[in-house]
Amino acid sequence: MTTHAPVSTGLDSCLDLGFTDSGGGEPSLRRELFAALIEVVSGSGQWSEQTAARIRGEGVAWAARGGPVSALRVAVQETTEHILVSSGHAAGAADGSRDEFARRLADAGRHVARELNRGFFAQPGRQAPASVPEAPRPRPSCAPPAYAVMALRAPGRPLGDVEAVARGHGGPETAVLTSARGLYVLALAPRHEESLDLAGRIHRDLGGTARLAVHWKPYNEVTAGQLLVDDICTVVDALGFGPGVYQLDDVLVEYAAAQTPDIAQRLVGMVQPVLDDRVLRETLSAVISADGDPDLACELLTLRRKFFDRRLRRVEELTGRRVDAPRDLQVLRTAVAVAAIMRQ
């Protein structure tokens with residue numbers, strides 16, 4: 001077992017994070033994150049079951065308070081960055097020491113994030129994150145309202161134009177949220193088929209390179225729908241899908257794998273060395289886009305076959321998968337998609 005030198009930053013450094021207990025539970029959460037990260041990164045690098053259970057408990061408690069899962073991701077990221085800066089292993093440290101410490105800290109952060117997710121998604125009840133548009137007030141009806149929940153990505157189109165198209169088809173009761181990635185739309189759609197029809201009309205009007213993810217949800221589940229369409233868009237982007245309207249069924253395998261922590265961890269660990277190398281990442285992406293056809297992949301990369309084959313052998317060495325085997329190619333495709341969701 002490899003033993004690492006202790007980190008100079010003690011638990012008292014939590015005070016530097018500037019937390020004040022507002023009753024929302026975030027100071028408690030971040031103190032637990034800090035303690036867990038320090039335990040892993042400053043000791044033997046091992047993850048104790050007691051610590052894992054404690055972090056899962058924080059995820060459970062956060063979900064019970066109605067906190068958004070996105071806030072957990074932000075908390076892990078910010079706490080990790082604080083440790084890196086305050087430990088003296090940031091820019092002023094020697095390159096070798098800094099890189100090793102950052103690697104161990106990143107590994108510890110992945111452990112913590114995974115256990116938080118396990119705890120959070122063990123609980124069915126969650127309130128809407130602040131970033132999700134409030135569901136529009138429905139017209140009186142005998143049946144509970146339901147919505148088409150959509151994520152729109154239209155590169156090169158002004159967001160104002162995209163919003164106008166969405167509102168034009170969705171009607172006055174449509175709610176639209178503008179984000180850095182694109183738009184999220186909530187539009188009344190009593191039946192699943194109507195949500196698909198609405199998405200199709202919006203996409204036809206947008207044209208070009210627009211991609212749209214849509215899911216149909218009852219009024220009390222729109223938050224889960226927004227998270228879901230965001231993940232669908234992430235998979236579509238990661239796998240290089242073309243313009244179109246996408247549903248959960250289009251990325252079912254990839255999405256299911258991402259929701260299973262043990263499987264997600266194995267997939268990401270397998271493909272991460274390739275994703276960390278820009279050339280190999282582009283090579284694998286081209287192979288996936290070409291459905292394993294090496295000649296088409298070469299065309300996509302504008303690369304001569306002998307150079308392509310050399311890159312491909314390296315991808316296969318790192319992943320232990322052969323891209324000319326359909327089953328292995330599907331595993332690699334799923335791994336790339338899951339890694340994209342986890343990064344998000």
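**Entry 1: Asp291**

I began with Asp291, which is exposed because its relative accessible area is 63%. For my labels, buried means under 20% relative accessible area, exposed means over 50%, and partly exposed lies in between, with a 1.4 Å probe and protein chains only. I am reading a predicted model, where local features need pLDDT of at least 70, side-chain atom pairs count only at pLDDT 80 or more, and totals for chains, interfaces and linings use all residues. Residues are numbered from 1 along each chain as its sequence is written, and side-chain values use heavy atoms, with hydrogens and water left out.

Where does Asp291 sit? I found Asp291 in the loop between helix 10 and helix 11. My helices (H or I, at least four residues) and strands (E, at least two) are DSSP runs, numbered from the N terminus. I also looked up the phi of Asp291, and it is near 55°, a positive value in a residue other than glycine. Most residues other than glycine have a negative phi.

**Entry 2: Helix 11 and its ends**

At its start, I saw a side-chain oxygen of Asp293 come to within 3.0 Å of the backbone nitrogen of Asp295. I call that a polar contact: a pair of N or O atoms within 3.5 Å, where, within protein, one must be able to donate a hydrogen and the other to accept it, and residues adjacent in sequence count only if both atoms are side-chain atoms.

Which residues of helix 11 are buried? I noted Ala297, Cys298 and Leu301. Seen down the axis of helix 11, these buried residues fall within an arc of 100°, so they line one face of the helix. The arc is taken from the directions from the helix axis to the C-beta atoms. The buried residues of helix 11 pack against helix 10 (278-289) and helix 12 (305-319).

I picked out Cys298, which counts as buried because its relative accessibility is 8%. Not counting residues up to four places away in sequence, Cys298 touches Leu303, Arg305 and Phe308; contact here means heavy atoms within 4.5 Å. I also checked Cys298 against Val287: they are 11 residues apart in sequence, and their C-alpha atoms are 8.5 Å apart in space.

Just after helix 11 comes Thr302, with a positive phi of about 50°. Thr302 lies in the loop between helix 11 and helix 12, and I logged it as exposed because its relative accessible area is 71%.

**Entry 3: The nonpolar cores**

I then looked for nonpolar cores, each a set of buried Ala, Val, Leu, Ile, Met, Phe, Trp, Tyr and Cys residues joined through side-chain atoms within 4.5 Å. Which members of the largest core touch the most other members? Of its 52 residues, they are Ile232, Leu284 and Phe308. Helix 13 (residues 326-343) gives this core its largest share, nine residues. Leaving aside neighbours within four places in sequence, I found Leu284 in contact with Val271, Val274, Val315, Leu332 and Val336. There is also a second, separate core of 20 residues, and Leu37, Val69, Leu72 and Leu105 are among them.

Is strand 4 mostly covered or mostly open? I found strand 4 (residues 211-218) mostly covered, with six of its eight residues buried. Strand 1 (residues 146-153) runs antiparallel to strand 4 and is joined to it by eight bridges; two strands pair if DSSP finds at least two bridges between them. On to strand 5 (residues 244-246), which runs parallel to strand 4 with three bridges. There, Gly244 is the bridge partner of Arg211.

His215 belongs to strand 4 and counts as buried because its relative accessibility is 18%. Its contacts, leaving aside neighbours within four places in sequence, are Tyr147, Ala148, Val149, Leu228, Val229 and Leu248.

I placed Gly225 in helix 7, and it counts as buried because its relative accessibility is 0%. Not counting residues up to four places away in sequence, Gly225 touches Val149 and Lys217. I also noted that the C-alpha atoms of Gly225 and Tyr147 are separated by 9.2 Å, though the two are 78 residues apart along the chain.

**Entry 4: Glu58**

Last, I visited Glu58 in helix 2 (residues 49-64). I marked Glu58 as buried because its relative accessibility is 12%. Beyond residues up to four places away in sequence, Glu58 touches Ser28, Leu29, Glu32 and Leu116.
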